[in-house]
Amino acid sequence: MSNQTKHILIIRLSAMGDVAMTVPVIRRVNLLKNPPKITVLTRSFFKPFFDEFPNVTVFTPDLKGKHKGIIGLFKLYKELAALRIDLVADLHNVIRLKILVALFRVNGVTCMQLDKGRKEKKQLIEATNPNDLFQLKSMHERYVTVFNKLGYELPPSSNYTQPDKKIPSYIKTTIEGTKRIGIAPFTTYKSKTLPISILKKLIKQLSNITNSSILLFGGGEEEKSLLDDVAKEYTNVHSIVKKGSFKEELDLISNLDVMISMDSGNGHIAAMYNIPVITIWGLTHPFLGFTPYNQPMKNQILPDLEKYPLIPTSVYGNKYPETYLDCFNTISLEKIIAQTKHYL
């Protein structure tokens, strides 16, 4: 790659965790001798993820309005082309945006797209014996490969030391000086969501840890109501749902000692800040490549795969036999507690 500073367009919309996973990779890009200028095409809600990067700008498409449909994508291309894009890293690779990428290509811009590893993932989903499962490339590695194909040999990951982030004022005096444990029990699908009965048992045991504060993360009115009710039963358990802005929530996560999360965005956000993440897996599996960044296998808590040999039942948790929801009853709370205490 020439010494001239390039301008890269990174495309990554979709779910929160997928976007959060770009951050450790952009940090590696910025370790280069001559890091490029970067524009990230993503939702405006995710802009706080990129605040740490002076060379990164967020561009938000209006895919339900002026950028909707084929004509809208042409308009989006013109707006982005006006920014003088040199290279495109498509970390999303979905049908509706292929037109956008094609427009850059036909106008002489080098574009590389994410290989999602669909064939290998299909093999894991179709496996009926836990012994036939094998580790796939992580999503972070797949993102790095896209930059490699664009001509950038990214330096190895380095230890990220984040600047001090203030604990939001609404919770600061309550948790200051305590061991801070985050729990994010919800996801889009039941197959990856911790049942409330098991969540209550977990919280009851964690609440007995001396000088601890347990912070419950979620979103939406139903989750808020559930977590508010659980928190009322303890003096050291606090629901964070709708208590502050998304930026404040990120600041709070960055001040945790450990995060207990499902296979969801909150785990990826915590890992993005170098917070230890203990992931509770339901009907998906860490071998599919969605383990939070830089987290060891001992932090991956799985159900009994001998009893539930069809796990993983799908890549994202959207397909599963109804009877398999019982797999959460085989999750070891003792392992979760022991691993949590390890980080305290």
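## Close-up views of a predicted model

View 1. Asp-18 lies in helix 1, which spans residues 16–20. Please keep in mind, here and in every view below, that this is a predicted model. Is Asp-18 buried or exposed? With a relative accessible area of 13%, Asp-18 counts as buried, because buried means under 20%. The side chain of Asp-18 makes a polar contact of 3.3 Å with the side chain of Ser-14. Leaving aside residues up to four places away in sequence, Asp-18 touches Arg-12, Tyr-143 and Phe-290.

**View 2. Strands 1, 2 and 3 side by side.** Let us start with strand 1 (residues 7–11), which runs parallel to strand 2 and is joined to it by 5 bridges. In this pairing, His-7 stands opposite Lys-37 of strand 2. Strand 2 also pairs with strand 3 (residues 56–59), again in the parallel sense, over 4 bridges. Here Leu-41 is found opposite Phe-59 of strand 3. How many residues of strand 2 (residues 37–41) are buried? The count is 4 of its 5 residues, and strand 2 is mostly covered. As background for this view, strands of a sheet pair through backbone hydrogen bonds, either parallel or antiparallel.

View 3. The largest nonpolar core has 94 residues, and Phe-49, Phe-50 and Phe-147 touch the most other members. What does Phe-147 touch, not counting residues up to four places away in sequence? The list is Ile-8, Ile-10, Val-25, Val-29, Ala-89, Leu-91, Tyr-152 and Leu-154. Another core, of 19 residues, lies apart from the largest one, and its residues include Leu-13, Leu-41, Tyr-77 and Cys-111. In soluble globular proteins, nonpolar side chains tend to be buried together.

View 4. Cys-111, a member of the core of 19 residues, is buried, with a relative accessible area of 5%. Cys-327 has 0% relative accessibility and so is buried too, the cut-off being under 20%. How many disulfides does the structure hold? The number is 0.

**View 5. Glu-248 in helix 10.** Glu-248 has its place in helix 10, made up of residues 246–253. Its relative accessible area is 26%, so Glu-248 is partly exposed, a class that sits between under 20% and over 50%. The side chain of Glu-248 reaches the backbone nitrogen of Ser-245 at 2.9 Å. Not counting residues up to four places away in sequence, Glu-248 touches Pro-168 and Tyr-170. Where is Leu-87 relative to Glu-248? The two are 161 residues apart in sequence and 33 Å apart in space, C-alpha to C-alpha.

Methods: Residues numbered from 1 in each chain as written. Predicted model: local features only at pLDDT ≥ 70, side-chain atom pairs only at ≥ 80, totals over all residues. Heavy atoms only, no water. Disulfide = S-S within 2.5 Å. Buried < 20%, exposed > 50% of the residue type's maximum accessible area, 1.4 Å probe, protein only. Helix = DSSP H or I, 4+ residues; strand = E, 2+ residues; numbered from the N terminus. Pairing = 2+ DSSP bridges. Contact = heavy atoms within 4.5 Å. Polar contact = N/O pair within 3.5 Å; in protein donor to acceptor, adjacent residues only side chain to side chain. Core = buried A, V, L, I, M, F, W, Y, C linked by side-chain atoms within 4.5 Å.
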